[in-house]
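Q: Could you walk me through this model, with the cut-offs spelled out as we go?

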Amino acid sequence: MKKLTQICALVFLVLFASSCKNEKSLQSYLVDTSGKEGFYTGDLPVSSVLSAKADVSDDVKETIKSIKKINIAFLPKTEDNTVTYETEKAKLKNIFKDNDEYKSLMVMKAQGMNVKVYYSGDTDAIDEVVAFGYGDKNGVGVARLLGENMNPAKVIEMMNSVKMDSGNLESFSAIFKGK
């Protein structure tokens, strides 16, 4: 009986140890960078960035309501942080590499940045949209839009129908310009 208990304990320990993967998640990356020197991080309420025009459809208003918040983590590139920039870029690339949770939505280059957009959830009910970008002049960062059952077609319609609050956007963009 004692031998059987030891074998069961050993099997349990092996199963427990093998189930604890040391994979980095986007959530843990966002938590780890919060308060880290050189990073700009935060959670933004959607209303601080997006607001519906009065004449938009009820679908667009519902889509805006389905978006809960936006998480950001950004490291501006400077002459002094080249090694940190490369390390953080590699960390983010590894999070998305071969990750079944995130599906690629699009890849683009914009204003000197390489940007990759991913989503999680079903194609007709997205839970999360993530934009990961990096550029040698700007830096490296990630923005995650969290919601519930967001419809991709309605999200695109919403983006075409909302107005960006320029006052809030200017103060938000000042963060990335070093205030």
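**Buried charges, cores and a helix pair**

A: Glu88 touches Tyr29, Thr33, Lys36, Phe39, Leu75 and Val140, leaving out residues up to four places away in sequence, where contact means heavy atoms within 4.5 Å. This is a predicted model, in which local features need pLDDT of at least 70 and side-chain atom pairs count only at pLDDT 80 or more, while totals for chains, interfaces and linings use all residues. Residues are numbered from 1 along each chain as its sequence is written, and side-chain values use heavy atoms, with hydrogens and water left out.

Q: Where does Glu88 sit, and is Glu88 buried or exposed?
A: Glu88 belongs to helix H4, residues 82-96; helices (H or I, at least four residues) and strands (E, at least two) are DSSP runs numbered from the N terminus. Glu88 counts as buried because its relative accessibility is 2%, given that buried means under 20% relative accessible area, exposed over 50% and partly exposed in between, with a 1.4 Å probe and protein chains only.

Q: What does H4 pack against, and at what angle?
A: H2 and H4 pack at an angle of about 155°, and their axes are 10 Å apart; axes are lines fitted to C-alpha atoms, for helices over the stretch in contact, and angles run from 0 to 180 degrees between N-to-C directions. H2 is therefore roughly antiparallel to H4, since angles under 35 degrees count as roughly parallel, over 145 as roughly antiparallel, 65 to 115 as roughly perpendicular and the rest as oblique.

Q: Which residues make that contact?
A: Leu26, Tyr29 and Thr33 come from H2, and Glu88, Lys91, Leu92, Ile95 and Phe96 from H4. These residues of the H2 contact with H4 divide into 5 nonpolar, 1 polar and 2 charged, with Ala, Val, Leu, Ile, Met, Phe, Trp, Tyr, Cys and Pro counted as nonpolar, Asp, Glu, Lys and Arg as charged, and the others, Gly among them, as polar.

Q: How many residues are in the largest nonpolar core?
A: The largest nonpolar core has 17 residues, and those with the most contacts inside it include Leu26, Tyr29, Leu92 and Phe96; such a core is a set of buried Ala, Val, Leu, Ile, Met, Phe, Trp, Tyr and Cys residues joined through side-chain atoms within 4.5 Å. Two or more residues each come from helix H2 (26-33), strand E3 (67-76), H4, strand E6 (125-135) and strand E7 (139-150), and H4 gives the most to this core, with 4 residues. Apart from it lies another core, of 14 residues, among them Val60, Ile67, Ile126 and Val155.

Q: Switching to Glu128, what does its side chain pair with?
A: The Glu128 side chain makes a polar contact with the side chain of Tyr102 at 3.2 Å, and the side chain of Arg144 makes one with that of Glu128 at 3.4 Å. A polar contact is a pair of N or O atoms within 3.5 Å; within protein, one must be able to donate a hydrogen and the other to accept it, and residues adjacent in sequence count only if both atoms are side-chain atoms.

Q: Why do Glu128 and Arg144 count as buried?
A: Glu128, in strand E6, counts as buried because its relative accessibility is 6%, and Arg144, in strand E7, because its relative accessibility is 8%.

Q: And what is phi at Gln111?
A: Phi of Gln111 is near 50°, a positive value in a residue other than glycine. Gln111 lies in the loop between strand E4 (103-110) and strand E5 (113-122), and is exposed, with a relative accessible area of 79%.
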